[in-house]
Amino acid sequence: IPFDKVAPADAVKLATGPAPGGYFVEAAIPWSLLGEKPAAGLRLRGDFGVLFADKGGTATVSRQYWSNKATGLVNDVPGEADLAPELWGDLTLE
């Protein structure tokens, strides 16, 4: 699967932890990494999700995403890495 660029982004800050009924994940992504300037009404396309493992933590058994619901494929790196922007959602800055 070709990608324009894949690289570590040390400027992205992540936080995770328990929350009532589950967990939380927070990501702070600098606007400069997105190549955008924040402005009210700015619309971006994107998606985010989580991979769930088996009880032993050794195999992915489920992929759940906010927008893309076609996530039944697991344990297939080429298929899972294939981007599907037509299934992404709209993110609007307020």
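1. Two strands pair if DSSP finds at least two bridges between them. Strands are DSSP runs of E with at least two residues, helices are runs of H or I with at least four, and both are numbered from the N terminus. In this predicted model, local features need pLDDT of at least 70, side-chain atom pairs count only at pLDDT 80 or more, and totals for chains, interfaces and linings use all residues. Residues are numbered from 1 along each chain as its sequence is written, and side-chain values use heavy atoms, with hydrogens and water left out.

2. Strand 1 and strand 2 (residues 22–28) run antiparallel and are joined by seven bridges. Lys13 has Ala28 in strand 2 as its bridge partner. The two strands form a hairpin with two residues between them; in the turn, Gly21 has a positive phi of about 80°.

3. There is one aromatic pair in the structure. Phe48 and Trp66 are stacked, at 5.3 Å centre to centre and 5° between the planes (ring centres within 6.5 Å, using the six-membered ring of Trp; planes under 30 degrees apart are stacked, over 60 edge-to-face, the rest tilted). Phe48 sits in the loop between strand 3 (43–46) and strand 4 (49–53), and Trp66 in the loop between strand 5 (60–65) and helix 2 (77–81), so the pair ties together parts 18 residues apart in sequence.
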